[in-house]
Each structure stands twice: as C-alpha cells, then as structure tokens.
Amino acid sequence: MISNRTRYLTQNVAKVLIWTAALLTIGVMMLILFQVLAEGLPVLHPRFFLDSPKNMGREGGILSTIVGTFALTLVAIVFAAPLGVGTAIFLREYTRETRISRIIRFGTDCLAGVPSIIFGLFGFVFFVIFLNMGWSILSGGLTLAAMILPTIISTAEEAIKTIPYTYREVSFSLGGTRWQTVTRTILPSAIPGIFTGIILSVGRSIGETAAVILTAGSSLVMPTSLFSPIRTMSVHFYILAREGISMEMAYGTGAALILLVLIVNTAANWLLNRYIRHRV
Amino acid sequence: MEAKDKIIERILLLIAFSSISILGLIALFIFGEGLPLIWKVGPRAFILGERWVPSQGSFGILPMIVGSFWVTFGAILLGVPLGLACAIFLSEWTPPLIAMVLRPTIQLLAAIPSVIYGFWGLIILVPLVRNYLGGPGLSILSGSVILGFMILPTIISISEDSLRALPPYYKSGALALGATHWQAIWRVMVPAARSGIVASIILGMGRAIGETMAMIMILGNAVKMPTSFLDSARTLTTNIGIEMGYASGDHRQALFATGVILFLIIMILNSSAIALSRRRRS
C-alpha cells in the first residue's frame, strides 16, 4: 500500500519532469532559430535576393538558387498533386475497406517511411540515367514528387473524410453520378484541406537536400529549361557550410531558408484553422 | 454517362496504384544496381566485413551498420522520454498558454530542414562536446542529440494521438478508484496506448536511421568500428551521401548495395509499425 503522501509526491515529481521536457523542447527550438537568424538576418539585404552567387558563392546573392528551389517544388507539386488527390478520391469515394485499398494504404505508408537518400539513389538511377534526363529540374522534381506523394494522399484523405455523408446523399438523390458528386460536391468542400497538404509538401520540398543533390545536381548557373541542372537553397546552404566556402553567406542562406519555411508553415496553419472553424 | 463513370473509376484505380508502383520501382532499381555487387562480394563478406576501401575493392559495411545502430540508439534514448513527456503534456496537462507555444514548436521541429539541424550541431554542439567531454567532437554523441530532437515530432504526434484515442472511461475509471492523475496516466493510459506509442518509437527509429545530411555534417564520417559515444562514425546513409558524388563502377554499385541494406532495414521497421497501428485500429 502506497501512502497518500508518496502518491502525491510522485505526481509532483512527474509533473516537474514533464514540464522540464516541454520547456527543454521549446528552448532548443528557440536556440536553433535564434542562432541562425541572429547571424543570418543582417546578411539579408535586398541585393542578397536579387544577385546570383558569384565566385562559388563567396560573393553575390542567392537568386539562382531561389529560382531553382521554386522550379523544383513546382514540378514536384504538378506531378504529385493530381496523383495524390486521385488516390485519396479513389480510397474514400470509390472503394470500401477491401484488399485493394489495404494494399494501396500499405504502399503509401511504406513510401512515407523511405529515407530521402533512397529516393535520391532511385531518382539518380531511374530519372537521371535510365530515362536519360540528366541532372535536371525534371529529374529532381519527379524524385521529390514521389517523396511528397504520401503526405498529399493522407491529407487529402483526411479532408475528404470530414465531409458529412449527407452531401453525397443529396447529390445522389438529385441524380448525380459518382463522378459528378466528386467534382461538384466533394472536391469543392475539401479544397482547403487538400491545399494544406500541398503547402506542407512545399515545405518538405524546400528543405530536402539529400535526394535533390543526387538528382538535380548543384550547378549555380541560372536555369533556362526543365532540363537545366540547378542548385536549390538547401543544397547551396549545405555546400557553403560543409566546404567552409563562406560562413557569412551560409548564415544568410540558412536564415532565408528558415524564413521561407516559417512562412509556408504559417500559411498552412492559418488555412487549416480557418478551414476547421468554417466546418464546425 | 454510365460508361464515362466506369472509365473514370478505372483511371482512378490506376492512379491509386501510383504509390505502390513507385515503391516497386524503387525496390527494383536499387536492388538491380546493388544486388550484383552483394553477389560478387558475397553477402556475408559485404554485411560482416569491417574493411571499406573502395579503391582496393574491399567493400564491408559492418562499421556503417553498427554506426547507424549506435546513433539511432542514442537518438531513441533522448527522444523517447522527451517525446513521451511532451505527448503526455499535450494530451493531459496542457495549460493553454504553453500548449499554444509547444504545438507550433513541434510543427517547426518537423519543418526545419535537416541541413539546418546539421549546421547548428556543427557550430554549437560539436565544439561543446569537444571542449567538455573530449574526443573529436564530431561524434556519435553529437549526432544522437541532434537526431533525438529531429525524431521528436514523429514520436510526439503519434503518441499523443494514441493517448487521445483512448475511451474517456479509462481515465475516469482510474480516478474514481482513487488513483492520482499521474497514476491514471502512468498505470492505465500509457499501458493502454502502448501499441501506438511503440509504433511511434519504431517510426522514430526509421527516421533516425534514414537521416543523411545532418549526420554527414556532425558524425565525422570515419570508417571504423565505433567503441564509444565520443567516437566519430559513419552510418549507412552518410556512406551513400558522401561517396555518391564521385563513385563509379563497382564502387557506385557498392553504394547502391548499401542502399539495399538500408531499404531492407527500413521496410522491416515500417511494416512492424504499420502492423502495430493496425492492431490498435481494430
């Protein structure tokens, strides 16, 4: 029999430990942000965003890497969004829990856990070499598309799941076909949720390095077509920091990267909150 | 109309198989590149060999396998207690103000690119370890600490979900029997949410084993069997990440073979996590 005093003592000790863990997590996060932003923000003059890197990145800005990052992300989304949303529609509107849907879910869950370096190896041997696309925006974008597909599928599924069943009943009772129900009723109401998933995937694409460096290359030249090799901001940051080319430029790029990720994340949150409030 | 709907259903079915086909393609091409070399070297010599000298044609990846497990173990040691504590905090103890800070913090932890973690580890953590604990600083310890924080979002979100998914009478029942809030959490709720928590730990391990860029920057990348947490090490992922840029021929195939082993480890971890969360659902 444990006395009452010990029980409440244990509870208080546990409370202190758990508070410590929560505060430690917040503290470390702040420390990381503070360190990079404190050193990096002073580097962020407008010229830093409008000039391309010169002398291997020792001077100039990061314009070509910003263009590279956006081009790559755009290609990834263009390929992954229709596939992901299509899969979610199929899983939610066209099939019940069957063997097929279980296999598809298993595949999606597994794909979500594959490490980015494996995607990089795959993209290198499949897109760059086998399909002969070379190190390019297209190879990198397609590799990223494969990587973000599970995120888009699961967020789109969640979004479709929250739509009340009555929406479908009304549509069917008015003589709508399944496809009409999907395009006129389900998708319009699920769009904000789907969009949140896409924004989250944008964030992931911006931060990815391992898969991108193996498939899109690390060229600093301004890209001119989908087949141009590029260097993204993350890859640029990695190369500047690891090869010790310029700490000042590395901090600047890192701060720009963090700001971009912050903006993307805030946008996703704002959208999600609005969407939830709208629905309930 | 009917016919059009049938065609659309077919197309959607085809699309729905995209993720599983990608998974298949990944396996096909990585195994296709890697298996011939494993065959040539011999599976035993490849997995249990301790010498990795590509220029002399010796390809043994045991030090990398051991390295991967050390860092992952270290990350779990830090990440699991911290993550579980945060999950309990968020699902049971949340004073609203702190929750408003903690939740976005965890989202940010998930969103920050791994190169930023690597950089921070290199600038802040590595010198700390070198000055206070000795060794090169670029070490398993530094890597584990960074990885521990990187896997927090995975552990917290899935553990929190499984704690929240418990029927409310678990907690109210325990409280009614005279348990303190903490006893209800620790003796009733955490054990009941066990399968979800274990699944979150396994997924966290998968993330830790798969992390590349941050580890390249922090671990020091020496190819040798680690003997202490202060040793520099190389993992399966960093082996690929570092050498892929210039490898060719057998050397490149050996890197794909490293990928084969990594892929297999991840698939085993993933399937067990999926099986665990299935059991939870049913």
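This note walks through a predicted model, from the chain contact down to single residues.

1. **Where the chains meet.** Start with the interface between chain A and chain B. On one side, 64 residues of chain A take part; on the other, 66 residues of chain B. Within chain A, helix H1 (residues 4-40) is the top contributor to the side that touches chain B, giving 17 residues. The make-up of that side of chain A is 43 nonpolar residues, 17 polar and 4 charged.

2. **Chain B as a whole.** Chain B has 282 residues, and 51% of them count as buried. Its secondary structure consists of 14 helices and 2 strands. Along the principal axes, the C-alpha atoms of chain B occupy a box of roughly 70 × 70 × 30 Å. Now take the contacts in chain B between residues at least 6 apart in sequence. Of these, 73% link residues at least 24 apart.

3. **A helix pair in chain A.** How do H5(A) and H6(A) pack? Helix H5 (residues 116-130) and helix H6 (residues 137-161) of chain A pack at an angle of about 135 degrees. Their axes are 9 Å apart. Angles over 145 degrees would count as roughly antiparallel, and 65 to 115 as roughly perpendicular. H5(A) and H6(A) are therefore oblique to each other. Their crossing is right-handed.

4. **What lines that crossing.** From H5(A) come Ser116(A), Phe119(A), Gly120(A), Gly123(A), Phe127(A) and Val128(A). They meet Ser139(A), Leu142(A), Thr143(A), Ala146(A) and Met147(A) of H6(A). By class, the residues of this contact are 6 nonpolar and 5 polar, with no charged residue.

5. **Thr224(A), a loop residue.** Thr224(A) sits in the loop of chain A between helix H9 (210-215) and helix H10 (233-242). Is Thr224(A) buried or exposed? Thr224(A) counts as exposed, because it has 7 C-beta neighbours inside 10 Å and the cut-off for exposed is 12 or fewer. Ser116(A), one of the H5(A) residues that meet H6(A), is 108 residues from Thr224(A) in sequence. In space, C-alpha to C-alpha, Thr224(A) and Ser116(A) are 27 Å apart.

6. **Phe70(A), a helix residue.** Phe70(A) belongs to helix H3 (residues 63-94) of chain A. Phe70(A) has 16 C-beta neighbours inside 10 Å, so it counts as partly exposed. How far apart are Phe70(A) and Met233(A)? In sequence, 163 residues; in space, 9.6 Å from C-alpha to C-alpha.

How values were computed: Residues numbered from 1 in each chain as written. Chains lettered and ligands numbered in written order. Predicted model: local features only at pLDDT ≥ 70, side-chain atom pairs only at ≥ 80, totals over all residues. Contact = placed C-beta atoms within 7 Å. Helix = DSSP H or I, 4+ residues; strand = E, 2+ residues; numbered from the N terminus. Nonpolar A, V, L, I, M, F, W, Y, C, P; charged D, E, K, R; others polar. Axes fitted to C-alpha atoms, helices over the stretch in contact; angles between N-to-C directions. Parallel < 35°, antiparallel > 145°, perpendicular 65-115°, else oblique. Left-handed = near helix turned anticlockwise from the far one by under 90°. Buried ≥ 20, exposed ≤ 12 C-beta atoms within 10 Å, placed from the backbone.
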